[in-house]
Amino acid sequence: MADIDPSPTIDGNYPIDPPIVELPIDTHDRGFYDGFSREVTIPSKIIVSLIILWAIFFPVNALETLDAANNSIISIFSGWYVYLVAALVVVCVALALLPQSGRLRIGAPDEAPEFSRFSWFAMLFGAGIGIGMLTFSTGEPLAHFANNPDIIRGEVEALSAEAVRSAYLYTFLHWGFGAWCTYALVGLGIGYVSHRRGLPLTIRSSLAPLFGKVMSGPMGHVVDIVAVVATILGVAYTLGFGVEQFVAGLYRIGFGDWLMTAKSDGSGLAASSIGIVMALAVLVGASTVSALSGVGRGIKWLSNINMGLSFGLLALFATVGSGLFALELLWTGTLDYVLTLPQQTLSLFTSDGSEMGDELVAWQLGWSVSYWAWWIAFAPFVGMFIARISRGRTIREYVLGVALVPSLMCFIWMALAGGTAIDLELTGAAGGSILEASMADQLYATLAVMLSEGTMLIVSGLVVILLMTYLITSADSAILIVNTINGAGDDEGSRRYHIVFWGIALAFVVGSMLILGGIEAIRITMIIGALPFSVVVALMGVSICKAVIFDLIRKRHGVPTTAEACENWDGKVSVAE
């Protein structure tokens, strides 16, 4: 090729060394922890177990501590979260659109993708956003329909037709590129060095281009521990929403009043403790069994079912719901989002001492900043999973596929389901029943207004089944990912007892926190867990840029860039990046 000059420099050395293609991580070779890094697995289990015991045995202290942390951590680090997510979007777009970097493959130069595009997109959708779509597709547009920055500023009236456009601008902001570029960058950082350079499929490997073989030692252990804890807390927050909606759905289709209980403030119904325990026993038990079968069978099979049921539900909203209204919302919302993306992504509200200023800050902390923290806490799980299933794709195909397609699917879901709910309220057909329902119940409330009672029961039952498969898929994937990190990137071997442990631990985190203080308790715990991993994510952004730039320089000088090429190369080889 014309742009490659394989000749060495005058002294016989090449101007740049090959990349690191080995990152040894010590694992135990016998007993219960055979094949696992005890330096990662044991501390991770201790930290998660302490969180569970703290919530169960010291609930008052736990609630007080979480409230204090909520009032300090979110406000102090709000700017960090906002600007970090903005930077991740810029890095992903640059890596995808630049011709040289976009052509690099996540794997060997001639390697074909492991999964078809349909299965790939189905797994992305199921593991990344499925539960959120069922809960927030109606809940978030309705929430912003009642209150958003434009309403706070007095520019539009709450619950009016004029408030719909701004409601969708902020909804798309939270479920668009900010979320998916965060996932994409974490997945790219891991997948690039794992599939291309043969490093272990674990979080620490993504920082090897930056810190070298130092990541084999204590520094790497800390990174993986932080990732495991963030994964458990981030997934727990997602599962918390799903469990509440699952119980609400069972209640809607007639499984019994024992599933729900009155809220302490008298504002409606919430999932009862026994309902939460029952749901978790069924869902996490099924996900643990699925995890034992592996990604090639359990997750792929469930993901394809999820995709089929999801399209069926979308078709129902398009035909029976407010399809034309939703189409208009999709167009205007997407246009507004794209045109204002730089401004909205970089906006950081600060209080000027006025009531309006305080309300704007509170809104951003409660919505945007919490979302950025959620995506970062969720990123080790989704990023590891995406890296695992994306081998063989180019950086351009990977970034565009991970960032554009799921974002568009989110927008379509929000426009069809949320648009139908808003339209039913605007026309008076709902009579306030959808707005008055809890977020976990708003999708079912929308179906109750749309359909006859018999049809509503059937469709609600299908939604419960869809939600169940999404919950199982997400918990299944999370358990496998945590096990892979603890196993130093190895997802094979005898892992059954550890899979069962993490399944039980995940159930206890969700259950104890929901019973302790509802979804808010999980949210605060998740944000705390996201903070240390946000530092890791920032370093991953720098690391993947360095890895790509150095590989382009290597290609120019004929120096190998993949593990296989390094093995067959007879030039001067170094283990330093």
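Mentor: One definition to start: helices here are DSSP runs of at least four residues, numbered from the N terminus. By that count, Glu355 lies in helix H15, residues 355-389. And keep in mind that this is a predicted model.

Trainee: Is Glu355 buried or exposed?
Mentor: Exposed. Its relative accessible area is 60%.

Trainee: And how far is Glu355 from Ile152, C-alpha to C-alpha?
Mentor: The separation is 9.7 Å. Along the chain, those two residues are 203 residues apart.

Trainee: Switching to charges. How many salt bridges are there?
Mentor: The model holds 11 salt bridges. As a general point, side chains of opposite charge can pair when their charged atoms come close.

Trainee: Give me one. What does Asp336 pair with?
Mentor: Arg165. The N to O distance is 2.6 Å. Asp336 sits in helix H14, residues 323-346, and Arg165 in helix H8, so this bridge ties together parts 171 residues apart in sequence.

Trainee: How covered are those two?
Mentor: Asp336 is buried, at 15% relative accessible area. Arg165 is partly exposed, at 46%.

Trainee: What about Arg196? Which residue does its side chain meet in a salt bridge?
Mentor: Asp551, at 3.4 Å from N to O. Arg196 belongs to helix H9, residues 177-196, and Asp551 to helix H20, so the pair links parts that are 355 residues apart in sequence.

Trainee: Buried or exposed, that Arg196?
Mentor: Buried, with a relative accessible area of 5%. Asp551 is buried too, at 0%.

Trainee: Which other residue does Asp551 form a salt bridge with?
Mentor: Arg554. Their closest N and O atoms are 2.7 Å apart. Both residues lie in helix H20, three residues apart, about one turn of the helix. Arg554 counts as buried, at 0% relative accessibility.

Trainee: So which residues end up in one network?
Mentor: Arg196, Arg197, Asp551 and Arg554. Salt bridges with shared partners join them.

Trainee: Now the surface. Which residues make the negative patch?
Mentor: Glu22, Asp110, Glu564 and Glu567 gather there. Take Asp110. Its place is the loop between helix H4 (99-102) and helix H5 (117-128). Asp110 counts as exposed, with 71% relative accessibility.

Trainee: And the nonpolar patch? Which residues make it?
Mentor: Ile42, Ile46, Leu50, Leu53, Ile56, Phe57, Phe58, Val500, Ile504 and Phe508. The patch covers about 930 Å².

Trainee: Which helices supply it?
Mentor: Helix H1 (38-57) and H20 each supply at least two residues. H1 gives the most, with six.

Trainee: Where is Val500 found?
Mentor: In helix H20. Val500 is partly exposed, with a relative accessible area of 34%.

Trainee: How accessible are the cysteines?
Mentor: I can give you two. Cys545 counts as partly exposed, at 25% relative accessibility. Cys566 is buried, at 10%.

Trainee: Where is the place of Leu159?
Mentor: In the loop between helix H7 (149-152) and helix H8 (163-175). Leu159 is partly exposed, with a relative accessible area of 43%.

Trainee: And where does Ala488 lie?
Mentor: In the loop between helix H19 (453-486) and helix H20 (496-557). Ala488 is buried, at 13% relative accessible area.

Trainee: Great, that covers my list. Thanks!

Definitions and conventions: Residues numbered from 1 in each chain as written. Predicted model: local features only at pLDDT ≥ 70, side-chain atom pairs only at ≥ 80, totals over all residues. Heavy atoms only, no water. Buried < 20%, exposed > 50% of the residue type's maximum accessible area, 1.4 Å probe, protein only. Patch = residues over 30% accessible without salt bridge, like charges linked within 9 Å, V, L, I, M, F, W, Y side chains within 5 Å. Areas by Shrake-Rupley, 256 points an atom, 1.4 Å probe, with all protein chains shown as cover. Salt bridge = Lys/Arg side-chain N within 4 Å of Asp/Glu carboxyl O. Lys, Arg positive; Asp, Glu negative; His and termini not counted. Charge placed at Lys NZ, Arg CZ, Asp CG, Glu CD.
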